[in-house]
Amino acid sequence: MQWRSIVVGLVLLRLAASFVLWLAFGLGPSWGFNFPISFRFNLRRLEVLREKVGADAGGSAWLSHFHGQGRGRTCPQPGEAELEPPYARFFDDGGDEYAKKYGFFPEKLKAEMRGMARDMFYFGYENYMKHAFPEDELNPIDCRGRGPDVLNPSNININDVLGNYSLTLIDTLDTLLVLGNLSEFHRAVKLVIDTVSFDKDSTVQVFEANIRILGSLISAHILLTDSRQPFGDVGLEDYDDELLHLAHDLAVRLLPAFENTSTGIPYPRVNLKNGVPPDTINETCTAGAGSLLVEFGILSRLIGDSTFEWVARRAVKALWNLRSNETGLLGNVVNIQTGQWVGKQSGLGAGMDSFYEYLLKSYILFGEKEDYKMFKAAYESIQTHLRRGREACNEGEGDPPLYVNVNMFNGQIMNTWIDSLQAFFPGLQVLNGDVENAICLHAFYYAIWKRFGALPERYNWQLQAPDVLFYPLRPELVESTYLLYQATKNPFYLHVGMDILQSIEKYAKVRCGYATLHHVVEKSKEDRMESFFLSETCKYLYLLFDEDNPLHKSENKYIFTTEGHVVPIDKRFREKWKDGELADQDATDVPPTNTSKLRPQALGANCCCDRIPDERRYALPLKSAYMRQIDHMVGLL
């Protein structure tokens, strides 16, 4: 009889344990009881249950055990109140350190960070206007303005960017609207109209003048004149397309770069008054020559002159035709007369980054199938030859995915560093719908940020140390963080944004603005605040924490240029050229786009809520074990 008692006891014990688990995870039908205990669980428990029920890797089927209907609606309807955060059940208060740190972001803290980002922008902007305008940039330590280095024309670090045309004010125009400051936006527009001229003896880089000046003028003009865009009717009384005329004037002054080049690839620099300098070089980088199509294309369509789009598109095709037959990769520096590759390195950072970005964004804007065909082929070559590490981001064994610099002709690794500009690529992957790879690459750059409180310009992943130590307040990591948050709504990315925001405030703030970090370890500073800090870095930080921004609520779609300027996805930009003129076409003639892939950067109202599975929105985007692995790789552990 003793053995029977033992068996009965074991059975009862098992039933009791099963009953407790049954209550904890909410499985089965409701009995109508209200239990005062709130059961929560972390990602590991989700994975254990997933294995038990034999779920597929996609994760949506096994989640039905918690919702009953697969992907349950987690966003409240207007007027509904949430008694507790919808993601609370996915985290264990005493569980994994990563889940505990990143699993929750209170609304009060979000509002605080939004205010901090707004204050950061205005501290830089107001000091620029007070101490530097009408010069191009602010020296935030000395509280003085900065223009071109006329005494040293070979100082291209300064002269490529600064053209004596109030760069920071122009580059910042649409950021003022993003922050909701209509009165200052109108004042800034009037200042630009009244004070800016491009009839200057300044030699500038075509690429920088295009993305910072031309792109901002076009964006501000569209926002002023088209009430359908996210900010509504922000028109300025007596505005007569002056910004568009300035943009046209600048573009005409850039056109000589495309003349007298046997390949169609433009010279890297022009003098705004005199054209291409006689002593100019014949070498240019791929990104510099191949990232003009978005701004030039929109301008062409706004003024009805195909010239600008034609020369920009010709340059893109010329570069594309020079890619390697073996790997499909491009190099980073090319001779514009011979078409020979001077720089054979193929990567995702400096010299190449925005070339890939504009292949995809040009397709989104203009609907040219050839643009997407080029992007798709380029992306496949990148995945084949640049990507290293395990096959899946969130599964399996091996090193985390990383994109390295290789020889364009054979795919062999050329060096062991990556640069901070590459941090833009997760955002582009989001736009392309490859969120999984975006999550992993972003996590690697965030780990570097956590170690140094900034991103060094170059980081050697083999030595676990910076190769180039400065950080000029670049926006790329912030941009990718913002886009990943828009795609996943995961609180992890709010924590990332908070870390970035607080680090900049702590290490870069000086008497009259925010200064470049000269040394990311020692935190010494350089007296320079580049215009993209206000145009992009502050803009993306603010948008990350501003859920109710008109950009996020608008029914119209938009994208950001590579300088962070807002431009609409507009039917008029998809009209076809015929004999140099735009030909009206029926909407059915517009090439289709995959709107599910456009949404992260082409947002409409409440676009992301119901399509994000709960386990990806509220659990860690990257499993704790893999986060710990990446932290170890960069020397954090």
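Q: What share of the contacts in the protein chain with a separation of 6 or more comes from residues 24 or more positions apart?
A: The share is 69%. A contact means heavy atoms within 4.5 Å. This is a predicted model, where local features need pLDDT of at least 70, side-chain atom pairs count only at pLDDT 80 or more, and totals for chains, interfaces and linings use all residues. Residues are numbered from 1 along each chain as its sequence is written, and side-chain values use heavy atoms, with hydrogens and water left out.

Q: What makes a residue count as buried, and what percentage of the protein chain does?
A: Buried means under 20% relative accessible area; exposed is over 50%, and partly exposed lies in between (1.4 Å probe, protein chains only). Of the 637 residues, 58% count as buried.

Q: Why are β12 and β14 called edge strands?
A: Two strands pair if DSSP finds at least two bridges between them. Strands are DSSP runs of E, at least two residues, numbered from the N terminus. The open sheet has the order β12-β13-β14, with antiparallel pairing. β12 (417–419) and β14 (465–468) each pair on one side only, so they are the edge strands.

Q: How do you know that β12 and β13 pair?
A: Three bridges join β12 to β13 (residues 458–460). The definition asks for at least two, so they pair. D419 has R458 in β13 as its bridge partner.

Q: What is the angle between helix α18 and β13?
A: About 95°. Angles run from 0 to 180 degrees between N-to-C directions, with axes fitted to C-alpha atoms, for helices over the stretch in contact. Helix α18 (residues 435–452; a DSSP run of H or I, at least four residues) lies across β12, β13 and β14.
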